[in-house]
Amino acid sequence: MAEEDVYTKDGTVDYRGNPANKKETGTWRACPFILGNECCERLAFYGMSTNLVSYFKFQLHQHGATASKNVANWGGTCYITPLIGAFVADAYLGRYLTILCFSIVYVIGMVLLTLSASVPGIKPTCYAEDNCHATQGQRTVCFVALYLIALGTGGIKPCVSSFGADQFDDADEAEKKHKSSFFNWFYFSINIGALIAASLLVWVQENVSWGLGFGIPAVAMAIAVVSFFSGTRLYRNQKPGGSPLTRMFQVIVASIRKCDVEVPNDKSLLYEIEESESTIQGSRKLEHSNGLRFFDKAAVLGNSDNVKDPVNPWRLCSVTQVEELKAIVRMLPVWATGIIFATVYGQMSNYFILQGQAMDNQVGNSKFHIAAASLSMVDTLSVLFWVPVYDRIIVPIARKFSGHKNGLTQLQRMGIGLFISIFSMVYAVMLEYMRLKMVRKHNYYELKEVPMSIFWQVPPYFIIGCAEVFTFIGQLEFFYEQAPDAMRSMCSALSLLTVALGQYLSSLLITIVSKVTTRNGGPGWLPDNLNYGHLDYFFLLLTGLSVLNFIVFLMVSKLYTYKRSVGTLR
C-alpha cells in the first residue's frame, strides 16, 4: 500500500492528534463502542422519559393537559440544547471531548432525578395510589434534574451520530458506501435501548417504585459512558474548524458591503485559495453552485482586496465559505417540513398515552395489566423490524431500479416517511371516534377505562415506527451528508431541532385548542376526562397538518440542489 493510502484523506486524526491510520482506526471496528454507548444512553433517556407524563400526573398531581404540556416543553428543550453541544463541538472541543463533558452533566441530572423520586423529604408525598402531592420545593428539584438531563443530552445527541459517521472516510469509496448503512444500525441501536425502557422500566415504575424506575436508567447512563470511552484508541476524530456562526455572519456582512458589486458569470474569477485544502480547518473545498447569487458577492474581488496580504474575512470570503452558508440556507425549507412530523411523533409521549389510559388495559382474561406508556414498545419493535428490512431488502431492490448507490435518495426516503405518517393519524382519528361512540352509546362518561381493548392502539404505533425508519434516519443521513465538513454537528443539531419545535408546536396546539374549545364553558376537546372531550378532532387537526406538510415537502424537495465537495485533506 502506498504511503498516501495508509492514512484517511478526510482530515481525521487519531486520539493522539496524528493522521488517522486506516488499518488501525475507524470503520466498523470502532462502531460497536459507539453503538453500545447509544443503546445505553437511549435506554437511560427513554427509561426516564417514556412514562414521564404519568409521573407528572399521578406523582406531582398535575392535570392531564398541564402534564402533557410540561412533557412537550421539556422534550422540546432536549432537542433544542443540541445547538449548544453542536456549536461547542464544531467550534472548539471536537465531538469526542464534547461528548465527555456533557456526559458528566447528564449523569448528575440522572442521579438527582433518582433522588427526587426516592429520598423522603424531596420525593412527593403519597397518601394512596394515584393520590400524591408535591410541594413547590419537590417540584423544583425534579425539574432542575430534568433540565440538567436536557442539557447533558443536548451535548451528546448531535455529536454521536456524526462521530460514528466520521469513522468512515468520505474520500474512500469502499468506506463511504458503508456510511448509509451505519445510520440504519445507529437508529437500530437507539431502539434496542428504547424497547427495554418501554417494556421493563415502565413496568418497574408502575408496579415497583419510581425511584428504582429512574435509578436503573441512571446506571445505564454510567454504562454508556464506559462503553464510549473504551474505544478511544480506535476512534477517528474530526478537528474543530472554528465558529461556524462567525463564518456565516462574515459571508452575510461581506455580501451586504458589496451589495452594489456585479457577480461575474465566470466562477473562476471568484476568490478561492490556491492550496488543496480550504481555509477552514478540517473542511474540504466546496464547488461553486448556482443560485443564491447574492452571497457570491462576498467572494468577488474588489479593487481594495489584496489576496497576498491576510484577507479580512468580513470583506472577502472564499468560495468554500460562501458555499457553507448556501448549503445551510438550502437545507432550511427541507428542515422545516420535519416539524409537523415531529409533532405527530410526539403524540406517543402524551395524548396516545392519555388515550390508552382511558381504555381497557387488561391482557385477555389474566390479571396482568399493561401500562399505556408500554405500548410505545410497539413503535420500537416496528423500527427494529423495518431497519433490517430496509437495509437488506428495500435498498438492494430500489438500487436495481434507481441506480442510486443507496437505493433511494435522502429526500425520497424522507418523503416516503412523511406520507406513511399520515395514516397513523388517520387511524388515531378513527379509533378515538369509535371509543367516544361507545362512551355515548352506553353512557360510560364516568368510567375511568372504557371496555375497549388498549391493543386497538397498536396500529398507529407500528405505522409511526415505519415512518421513523424512512424520515428520521433519512434526516440523519441528509443533514450529515449535505453539511459542510466543519459544520456536521451543527447540522445534526438542526435535524434534532425539528423534534424540539414539533414538541413546542404540540404544546402550543394543546394550549390554543383548550382555550378556544372551552370558551363557552364546555369541557372542550381535551378535558382531563377524555370521555367528555373530542380528542378525535385534535387528531384530525394533526392529520390535516400532515397532509399539507407532505405537499409542501414535495415542492421544496424538487427545488433542492445537493452539495458537491472537491479535493481531499491529505
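Modeller: A residue is buried when its relative accessible area is under 20%, exposed when it is over 50%, and partly exposed in between (1.4 Å probe, protein chains only). This is a predicted model, in which local features need pLDDT of at least 70 and side-chain atom pairs pLDDT 80 or more, while totals for chains, interfaces and linings use all residues. Numbering starts from 1 along each chain as its sequence is written, and side-chain values use heavy atoms, without hydrogens or water.

The paired charges come first. A search of the whole structure finds nine salt bridges (a Lys or Arg side-chain nitrogen within 4 Å of an Asp or Glu carboxyl oxygen). One of them joins Asp166 to Arg95, with 2.7 Å between the closest N and O atoms. Asp166 belongs to the loop between helix 5 (136–165) and helix 6 (173–176), whereas Arg95 belongs to helix 4 (residues 82–116); the pair links distant parts of the chain, 71 residues apart (helices are DSSP runs of H or I with at least four residues, strands runs of E with at least two, numbered from the N terminus). Both Asp166 and Arg95 are buried.

Another salt bridge brings together the side chains of Arg247 and Glu324, at 2.9 Å from N to O. Here too distant parts of the chain are linked, since Arg247 sits in helix 9 (residues 244–257) and Glu324 in helix 10 (residues 319–336), 77 residues apart. Arg247 and Glu324 are both buried.

Helix 10 also supplies Lys326, whose side chain meets that of Asp296 in a salt bridge of 2.9 Å, N to O. Asp296 lies in the loop between strand 3 (285–286) and helix 10, so this pair ties together parts that are 30 residues apart in sequence. Lys326 is buried, with a relative accessible area of 0%, and Asp296 counts as buried at 1%. Elsewhere, salt bridges with shared partners join Glu38, Glu41 and Arg42 into one network.

Lys297 is buried but has no salt bridge, and Glu262, the nearest side chain of opposite charge, is 7.0 Å away (Lys and Arg count as positive, Asp and Glu as negative; His and chain ends are not counted). A polar atom of the Lys297 side chain does, however, lie 2.5 Å from the backbone oxygen of Val261. Apart from neighbours within four places in sequence, Lys297 is in contact (heavy atoms within 4.5 Å) with Ser255, Lys258, Cys259, Val261 and Val263.

Conventions:
A polar contact is a pair of N or O atoms within 3.5 Å; within protein, one must be able to donate a hydrogen and the other to accept it, and residues adjacent in sequence count only if both atoms are side-chain atoms.
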